[in-house]
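Subject: Two-chain model for your files

Dear colleague,

Please find the structure below, with its sequence. My notes come after it.

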Amino acid sequence: MTVMTEVGTLIGRSVRHTARSVDATIVAIVLPVMILLTFVYVLGGAIDTGTDYLTYVVPGIVVLCAAHGSAMTATSVNHDLTTGMVDRIRSLPVVGASLLVGHVVAGVLRNLVSTAVVIAVAVLLGFRPAASPLDWVLTTGLLALFMAAFGAIAAAWGLFVRGPEAAGALAFVLLFLPYVSSAFVPPETMPAVLRGFAAHQPTTPVVETLRALLLGGAESSPAVPAVLWCAGLLVAGVAAAGALFRRRTS
Amino acid sequence: MCMAYTLLMTYTIAVEGLQKSYGANPALTGVDLHVPKGSVHALLGPNGAGKSTTVKVLATLVAPDAGRVVVAGHDVTEEPAAVRRVISLTGQHAAVDEVLTGRENLVMMARLRHASRAEARAAADRLLARFDLLDAADRRVGTYSGGTARRLDIALSLVGEPQVLFLDEPTTGLDPRSRRDVWAAVEELAGSGVTVLLTTQYLEEADRLADRITVLAGGEVAAEGTADELKSRIGGETVQLVLPDAAALSAALTAVDGRARIDEAGLSLHVTTDGSAAAVRDLLALMAARDVPVERIAVHRPSLDDVFLALTGPRGVVAA
């Protein structure tokens, strides 16, 4: 039980950080909304997906928001490492990795809130999801798993790099990952190389599964690859973060 | 375990033959350290002397390569968890959470030390009062001055009433006023029975705060003793004669039969005396008799700077 208190205390700390760093939270919400508006009203008119473009693009924007938001964990972990907070925690009778768990879990909570805001904006613009309550629960679960996976990878990245600038760079990588997927345009329109990448990267099955959960057609969705991708990335991220945590602190 | 048991009886911190290398770079080549319960001990040394590495080993953050390290009766490699329960570390950077308030920092630390919510709040109130932080308690730490943040840092390290406190360069980067604030905080601790090991590159700080001082240089112990013992190792008071040129410096050295240290770059001669006015008068009379032109004189009490440079610096150069 003491471990739960430790983790809970550190989650509380990270949640307070988020609530107080208003600028970071605004970026996490405003950026996806701006991208949503750009795609729907600037580019969308010229993109033919065979459906209403707003309806097509919202699941993609949600995943982009989740990926980008998860990357912020890299900066907070790196900050703790370079400012001595990690050493202070490690000299306490506390499981050192509680700090990483706190960051990742708080990141998931933060990202669930910002994606909810993005979905709300999409509804205001005319997005009409056809999801049942169960679909919403599954959507939340899949997004939380996706956010935890990318959060763990971000934590590992934050432990790997030297400074905050390099830690922040992950946000751009994760921001662009959804572009080469089915998030904004059907991958069939891409050159063969990119199409191959889009078909074999995690955001494509996650976007497709969300699309099916929110808009119907769940029975044919790639839910299994989506969950396997996220679970695999979560395991890899946790393993990498654990190894790097030991390396950077000995 | 027998040796550990013996050391436990005598010292709160006992280090014997501690060695640590980072890859091919030796950081510590054989450090011994013995700190009795309730005392303040300073590790003094320049950058790279091994001060922080020693503290990291003592705080269980880094495993030693060789040697025996016992803190409050527990071996750091065999029982790190037991050591962590009785120690507290304040690192080189003020490891305070700048986004949280001072009070929230203290409550968080208390919760991490497994206090209940009510206990944590009470501990925070006590420490805020003790370190004169009540006015700043509910402001974010990011708005604190350097000295206030460091005071909070030290207050944080006392959450859970540790028996042993490691302060790694507690005043590095602080302005003189903040440094005095931190000194007052450490002096306050010294009276409370906590054993304190602090590292510093400021001799004045070691002189003022520590009961005993270990001078580290190049990963080993260069000297150990009280500030007075270390000062007495390099003699009594000195009279410094500043001369106009190298010829005069040479003539002055001859006049005292070479019994002086010279600083060629500073064109000055340092003569050890008993500190009396008569000795100064005799020295000046001797210079006048030999027609050695003396520009200025200064009477110099030995400082830890002299000890420090004599032990760790290049030979023949004396601190101003």
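Predicted model: local features only at pLDDT ≥ 70, side-chain atom pairs only at ≥ 80, totals over all residues.

Chain A and its record

The unreviewed UniProt entry places the feature "transmembrane region" at residues 21-47, 53-71, 92-125, 137-160, 167-185 and 223-245 of chain A. I looked at two of these spans in the model. Residues 223-245 of chain A are 100% helix and 0% strand, with the end C-alpha atoms 32 Å apart. Residues 167-185 of chain A are 53% helix, again with 0% strand. The end C-alpha atoms of that span, 167-185, lie 29 Å apart.

The interface of chain B and chain A

On the side of chain B, 29 residues are in contact with 23 residues of chain A. The two chains bury about 2300 Å² between them, and 61% of this area is on carbon and sulfur atoms. Leu61(B), Leu112(B) and His114(B) together supply 26% of the area that chain B buries against chain A, more than any other three residues.

As for polar interactions, 11 residue pairs are in polar contact across the interface, counting pairs with both residues at pLDDT 80 or more. Four elements of chain B give two or more residues each to the side that touches chain A: helix H3 (80-86), strand E6 (87-90), helix H4 (102-112) and helix H6 (146-157). H4(B) gives the most, with five residues. By residue type, the side of chain B that touches chain A divides into 14 nonpolar, six polar and nine charged residues.

Salt bridges between the chains

The structure holds 17 salt bridges over all chains, and four salt bridges are found across the interface of chain B and chain A. One of them joins Arg13(A) to Asp97(B), with the closest N and O atoms 2.4 Å apart. Arg13(A) and Asp97(B) also belong to a network with Asp80(A), joined through salt bridges that share partners.

Arg16(A) and Glu104(B) form a salt bridge too, at 3.2 Å from N to O. This pair crosses from helix H1 (residues 2-20) of chain A to helix H4 of chain B. Arg16(A) is partly exposed, at 38% relative accessibility, whereas Glu104(B) is buried, at 17%.

Salt bridges within chain B

Arg150(B) and Asp153(B) form a salt bridge whose closest N and O atoms are 2.4 Å apart. Both residues lie in helix H6 of chain B, three residues apart, which is about one turn of the helix. Arg150(B) is buried, with a relative accessible area of 4%, and Asp153(B) is buried as well, at 0%.

Arg212(B) and Glu224(B) form a salt bridge with the closest N and O atoms 3.2 Å apart. This pair links distant parts of the chain, 12 residues apart: Arg212(B) is in strand E9 (residues 212-217) and Glu224(B) in strand E10 (residues 220-225) of chain B. Arg212(B) is partly exposed at 29% relative accessibility, and Glu224(B) is partly exposed at 34%.

Helix H2 of chain B

Helix H2 (residues 51-58) of chain B is mostly covered, with seven of its eight residues buried. The buried residues are Lys51(B), Ser52(B), Thr53(B), Thr54(B), Val55(B), Val57(B) and Leu58(B). Just after H2(B), Thr60(B) takes a positive phi of about 65 degrees.

Regards

Conventions
Residues numbered from 1 in each chain as written. Chains lettered and ligands numbered in written order. Heavy atoms only, no water. UniProt positions renumbered as here; feature names shortened; annotations may be inferred. Contact = heavy atoms within 4.5 Å. Buried area = accessible area lost by both parts, 1.4 Å probe. Salt bridge = Lys/Arg side-chain N within 4 Å of Asp/Glu carboxyl O. Polar contact = N/O pair within 3.5 Å; in protein donor to acceptor, adjacent residues only side chain to side chain. Nonpolar A, V, L, I, M, F, W, Y, C, P; charged D, E, K, R; others polar. Buried < 20%, exposed > 50% of the residue type's maximum accessible area, 1.4 Å probe, protein only.
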